[in-house]
Amino acid sequence: MAKGRANSRADAEKVLGYIKEMGGNYVRLSHYPHNEHIVRLADEMGILVWEENPVYWTIQWSNKETYTNAENQLQEMIVRDKNRAAVIIWSMANETPVSEIRTTFLGNLIKTARKMDPTRLISAALEQSSDIHNPDIKHIDDPLAELVDILSFNQYIGWYIGTPEICKTTQWKISQNKPVVISEFGAGAKQGFHKDKTTRWTEEYQEYLYVETLAMLQKIDQLSGMSPWILVDYRSPRRPLPNIQDDYNRKGLISEDGKKKKAFWVLKNFYDHWE
């Protein structure tokens, strides 16, 4: 029988063990505060941690109860984990469309986080835009960029936008003088599904995208880190494609039964040689 959510220390050891095997030294815990086993073990294993408040996409920004809920979850996360050496980033949100009321909402959360813990860096998965004169040029056009310490954004060039070869012509022109951490990138692949690298959902396509994406991201002068989306395939009822997704998000580098896809080894090679 398949298990549900990962909650035990053994689960945490397996997940962080994969990261160590890959050569990684950092994990983004998205999109909500994870079980304490993960953070405790990250301390023991020397893995840096991004922790995230579950503010995601579009919520009721003007609802006072919604804000109180979000602030309470942020406070509980910080109180629990502020003495963990592994934690280096508090993230306020993920992929929230820009509006004045949203920026006020998140700005107030940032004030709360800084008051409770002035030592950690603050981030969020920000919004980005294409240059009006050249769609291959991307900018971080988000007022929240002025309030965070680290510029982070999710990008799926070659998966949701075009195919992997456009990574060669895509570039970011980032005007803000802050370090950049790519909070998500990747592509879906069904483990064991093999064809040529232009066939979507194959391990070869995912491998090809990782090769091109890593070359593209290294052109960002301020690049300080990255977290691929995602480590292991997981249940997702919004992913119903028969015989491929079958109610799983297939962007994992590892299948739900622990089998490594070809992109895992691409990323490991990159981490082993990244300076």
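1. At 43% relative accessibility, Trp265 is partly exposed. Phe264, by contrast, is buried, with a relative accessible area of 0%. This is a predicted model, and every value in this note is computed from it.

2. Aromatic pairs. Searching the whole structure turns up 13 aromatic pairs. Phe264 and Trp265 are one case: the ring centres are 4.8 Å apart and the planes meet at 75°, so the pair is edge-to-face. The cut-off for that label is over 60 degrees. Elsewhere, one aromatic cluster is made up of Tyr156, Trp159, Tyr160, Trp201 and Tyr205.

3. Overall fold. Six helices and twelve strands make up the secondary structure. The radius of gyration is 18 Å, close to the 19 Å that the globule rule gives for 275 residues, so the protein is as compact as a globular protein of that length. Along the principal axes, the C-alpha atoms fill a box of roughly 50 × 50 × 40 Å.

4. Burial and contacts. Of the 275 residues, 49% count as buried. Take the contacts between residues at least 6 apart in sequence: 68% of them join residues at least 24 apart.

5. Surface and charge. The accessible surface is about 13400 Å². Carbon and sulfur atoms account for 51% of that surface. There are 35 positive and 37 negative charges, and their mean positions are 2 Å apart.

6. Backbone geometry to check. Most residues other than glycine have a negative phi, and most peptide bonds are trans. The next points list departures from each pattern.

7. Cis bond at His31. The peptide bond from Ser30 to His31 is cis, with omega near -5°. His31 sits in the loop that runs between strand E1 (26-29) and helix H2 (36-45).

8. Cis bond at Ile230. Trp229 and Ile230 are also joined by a cis peptide bond, and omega is about 10° here. Ile230 belongs to the loop between strand E10 (223-226) and strand E11 (234-235).

9. Glu95 lies in the loop between strand E3 (87-94) and helix H4 (100-116). Its relative accessible area is 22%, so Glu95 counts as partly exposed. The buried class stops under 20%.

10. Positive phi at Asp247. Phi of Asp247 is near 65°, again a positive value in a residue other than glycine. Asp247 is placed in the loop between E11 and strand E12 (248-249). With a relative accessible area of 33%, Asp247 is partly exposed.

11. Is Gly252 buried or exposed? Gly252 is buried, with a relative accessible area of 0%. Its loop runs between E12 and helix H6 (262-273). What does Gly252 touch, leaving aside neighbours within four places in sequence? The contacts are Gln206, Ile230, Leu231, Val232, Asp233 and Lys261.

Technical notes
Residues numbered from 1 in each chain as written. Predicted model: local features only at pLDDT ≥ 70, side-chain atom pairs only at ≥ 80, totals over all residues. Heavy atoms only, no water. Helix = DSSP H or I, 4+ residues; strand = E, 2+ residues; numbered from the N terminus. Rg over C-alpha atoms; globule rule 2.2 N^0.38 Å. Buried < 20%, exposed > 50% of the residue type's maximum accessible area, 1.4 Å probe, protein only. Contact = heavy atoms within 4.5 Å. Areas by Shrake-Rupley, 256 points an atom, 1.4 Å probe, with all protein chains shown as cover. Lys, Arg positive; Asp, Glu negative; His and termini not counted. Charge placed at Lys NZ, Arg CZ, Asp CG, Glu CD. Phe/Tyr/Trp six-rings, centres within 6.5 Å; stacked < 30°, edge-to-face > 60°.
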